[in-house]
Amino acid sequence: MTLAQLRTFARVAKLGSVTEAAHSLGVSEPAVSAVVGALRVELGDRLFTRAGSGIRLTPGGRALAVRAEEITGLAEAIRRDVAHAGSAEHELRVVATAAFAEHAAGRVLDVFGRGAADTIDVIVEKADDIATLLRERAYDIALGARPPLAESAGFEAVPFFKYQRVMVAAARHPLSSLEGAVPMRRLMSVPWFAGPGGFEPLTEEGRWFGRLTSLPEVVELTSETDALAAVAGGEGVMLALAHVTAARVRMDAAPGDLIALPVAETPISGLWWATTLADGRASAAARLLQRFVTTAEATTAMIAPGGSRGLSRRGNKFHVALWS
């Protein structure tokens, strides 16, 4: 089998369609079918069967898909290493989920980057895509939500920060004057604000949201900071990070422009994880960062007030560039 065949099959498995894989690769559908046919003959496995408008991988097909992602990712890493072999610059590529990127990435990586890497790039992606992106070696390490457990084979995931999310509203919002727990039907009558991506299913808050018997109107803004500003203006409610909003929440005699609403099953506790390839396949810089984020120094940086440093927008993605 060839690298081109493995790359083609990895795309078929990822997209779940021969037609879409051909379109993505810029080749004809018969060409993709020919590659699949050759792999079936060589490996003695059907690899996948038709299922409605898509495909269903066989156990052998799933095994091949995982290895194909790893091998094509390694090939790309080799190309990068050879191309930059004469350069003294050390680059660390980080994929992060949105909440970590917005509220912690700048400060944590600023501290870590002093002497650890010449350049650190951070791009925000959905947690659903982390496993594939790491296997393909598009990134060295993932920070934030954990990849799907079903795809966790071959990864080392280390928890490094426990957070809580609380339901908040403006201190002058009508819900803030209610006595006792806020009924869910009342919450459903107002907009819920969220950052980009809303409630990711792989987070604890996403799982909590998925258990609701009815769903509210969710307004997704370009950042959680913007969402919180809308809530503070009296426009609705938000499941906000407790350590981010702590200084603004009105407690007893302490002034504040927000109220933490008593809602069933809240606060919601969740974890941020640092995920790398396992079995010695992660880069030295990725392993170093994975250890660093579990330290007291990193935790102090994450909970420091004042917002993230070094974080900017690039299209619909975040980008952090740091130099030692």
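Here are some questions and answers about this predicted model.

Q: What makes up the secondary structure of the protein chain?
A: The chain's secondary structure comes to 12 helices and 14 strands. Of its 324 residues, 46% are buried.

Q: Why is Glu-70 called buried?
A: Let's set the value against the cut-off. Buried means under 20% relative accessible area. Glu-70 has 14% relative accessibility, so Glu-70 counts as buried. You can find Glu-70 in helix 4, which spans residues 59-83.

Q: What makes the pairing of the Glu-70 and Arg-281 side chains a polar contact?
A: A polar contact needs a pair of N or O atoms within 3.5 Å. The side chains of Glu-70 and Arg-281 make such a contact at 3.3 Å. Leaving aside neighbours within four places in sequence, Glu-70 is in contact with Arg-135, Arg-137 and Arg-281.

Q: Why is Ile-78 called partly exposed?
A: Partly exposed lies between the two cut-offs, with buried under 20% and exposed over 50%. Ile-78 has a relative accessible area of 48%, so the label is partly exposed. Like Glu-70, Ile-78 is found in helix 4.

Q: Which residues make a nonpolar surface patch of about 280 Å²?
A: Leu-74, Ile-78 and Val-82 make this patch. Residues in a patch need over 30% relative accessible area, and Ile-78 has 48%. An α-helix has 3.6 residues a turn, so residues three or four places apart point the same way.

Q: How do you know whether Ala-127 is buried or exposed?
A: Compare its value with the cut-off for buried, which is under 20%. Ala-127 has 0% relative accessibility, so Ala-127 counts as buried. Ala-127 sits in the loop between strand 4 (119-124) and helix 6 (130-135).

Q: What is in contact with Ala-127, leaving aside its neighbours within four places in sequence?
A: Contact means heavy atoms within 4.5 Å. The residues in contact with Ala-127 include Thr-97, Ala-145, Glu-200 and Leu-202. Ala-127 and Pro-201 are 74 residues apart in sequence, yet 8.6 Å apart in space, C-alpha to C-alpha.

Q: Why can we say that the buried residues of helix 12 line one face of the helix?
A: The buried residues of helix 12 (residues 296-303) are Ala-298, Ala-301 and Met-302. Seen down the axis of helix 12, they fall within an arc of 100 degrees, so they line one face. The face turned away from this buried side carries the exposed residues Ala-296 and Thr-300.

Notes. Residues are numbered from 1 along each chain as its sequence is written. This is a predicted model: local features need pLDDT of at least 70, side-chain atom pairs count only at pLDDT 80 or more; totals for chains, interfaces and linings use all residues. Side-chain values use heavy atoms; hydrogens and water are left out. Buried means under 20% relative accessible area, exposed over 50%, partly exposed in between (1.4 Å probe, protein chains only). Helices (H or I, at least four residues) and strands (E, at least two) are DSSP runs, numbered from the N terminus. The arc is that of the directions from the helix axis to the C-beta atoms. A polar contact is a pair of N or O atoms within 3.5 Å; within protein, one must be able to donate a hydrogen and the other to accept it, and residues adjacent in sequence count only if both atoms are side-chain atoms. Patches are made of residues with over 30% relative accessible area and no salt bridge: like charges are joined within 9 Å, nonpolar side chains (Val, Leu, Ile, Met, Phe, Trp, Tyr) within 5 Å. Accessible areas come from the Shrake-Rupley method with a 1.4 Å probe; for residues, only the protein chains shown count as cover. A salt bridge is a side-chain nitrogen of Lys or Arg within 4 Å of a carboxyl oxygen of Asp or Glu.
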